[in-house]
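Subject: Handover of a protein structure

Dear colleague,

Please find below the structure that I am handing over to you. My notes on what was found in it follow directly after.

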Amino acid sequence: MSPKEYRPTLAQLRTFVTIAEKKHFGTAAQALGISQPSLSQALVALETGLGFQLIERSTRRVIVTSAGLELMPYAKATLEAADAFLAHSRGATGTLTGPLSIGIIPTAAPYILSELLPLLKQRFPDMAPRIIEEQTGDLLSQLRDGQLDVALLAVPSEANGIVDFPLYTEDFAVVVPAEHPLAGRDDLTLANLSELDLLLLDDGHCLRDQVLDLCRRAHINPSEASSSLTRATSLTTIIQLVAGGFGATLIPESAFSSERTREGIALSSFADSVTARRTMGLAYRASSAREEEFRALGASIVEAFQRSIATV
């Protein structure tokens, strides 16, 4: 059979994509729920039909060939289109059914999930959400590789092959020790950041970059405004350090109700004329055919956010 006559099956394409992503035949077979011989047979059938090799395999390594790398986006797009077709054929237009891998950045997940998960269960009872909490760069990488379907992060992402749309905007507040001179103020300017020893999250967190950008807007040298001795990977840890008198930090509005009750800290807000906020949105692959479903998911996320700040 010549390549022009050959038509790969969805199962063969899914086998190729899974092996390329997992870089291991045994792991790929387990992920697909089939035996390793069946996995190998499907790949061989695909390569034979196409007339060239997609995967190089040895006893130690699995390597995607240059031809395989070139065809990967098309294979993923085909699978996504097939999934969308099936969802529409079941009358699920605009709704979400089946497994859905949702990535969320660490400075949003702890504060929005308690409201979001019950909403998803109520509105999309046939959906099986899988939540992955990672930094922005990791989420974007997993989106490109097909390990995630969609991700909640600060937008615009400005990442190649990824599209996004905004959901909500949330203000930042300054968290200081309870006895700090700025405690409880509601008229802060960006210049007030120069009075603080800012505690920042580790590299890779978008909140860190957003805070440093506020410093630059105020013509404050970020290295002078932040402590170089303290490192943390979670916002909760940073706030505990603030309560211990080690410095100050900024948190997003969705975190206010959860974090402001901690002993030893106080929240201070910026003046209405000051723009100190971030926009959160959903990002997904440009090749995905599920925008309508993701917008339905986004509506639930917006409601979850609104509920999270209702008690502030």
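Predicted model: local features only at pLDDT ≥ 70, side-chain atom pairs only at ≥ 80, totals over all residues.

Residues are numbered from 1 along each chain as its sequence is written, and side-chain values use heavy atoms, with hydrogens and water left out.

Overall form. Along the principal axes, the C-alpha atoms occupy a box of roughly 80 × 45 × 30 Å. The protein has eleven helices and nine strands (DSSP runs numbered from the N terminus: H or I of at least four residues for helices, E of at least two for strands). Of its 312 residues, 47% count as buried, meaning under 20% relative accessible area with a 1.4 Å probe and protein chains only.

Over residues 8-65 the chain is 62% helix and 10% strand. Helix α1 has 13 residues and spans 18 Å from its first C-alpha to its last, close to the 18 Å expected at 1.5 Å a residue (1.5 Å times one less than the number of residues). Among the buried residues of α1 are Leu-13, Phe-16, Val-17 and Ile-19. Just after α1, Lys-23 takes a positive phi of about 60°.

The largest pocket. A pocket is an open set of points on a 1 Å grid over the protein atoms alone, where a 1.4 Å probe fits, with protein on both sides within 12 Å along at least five of seven lines; lining residues have an atom within 4 Å of a point. The largest pocket holds about 980 Å³ of space, the volume being that filled by probe spheres set on the points. Its lining has 32 residues, with Arg-14, Asp-83, Pro-99, Gly-146 and Asp-149 nearest the centre. Helix α4 gives the largest share of this lining, seven residues. Domain 1 and domain 2 each supply at least three lining residues.

With kind regards

How values were computed:
Domains from an automatic or database assignment. Buried < 20%, exposed > 50% of the residue type's maximum accessible area, 1.4 Å probe, protein only.
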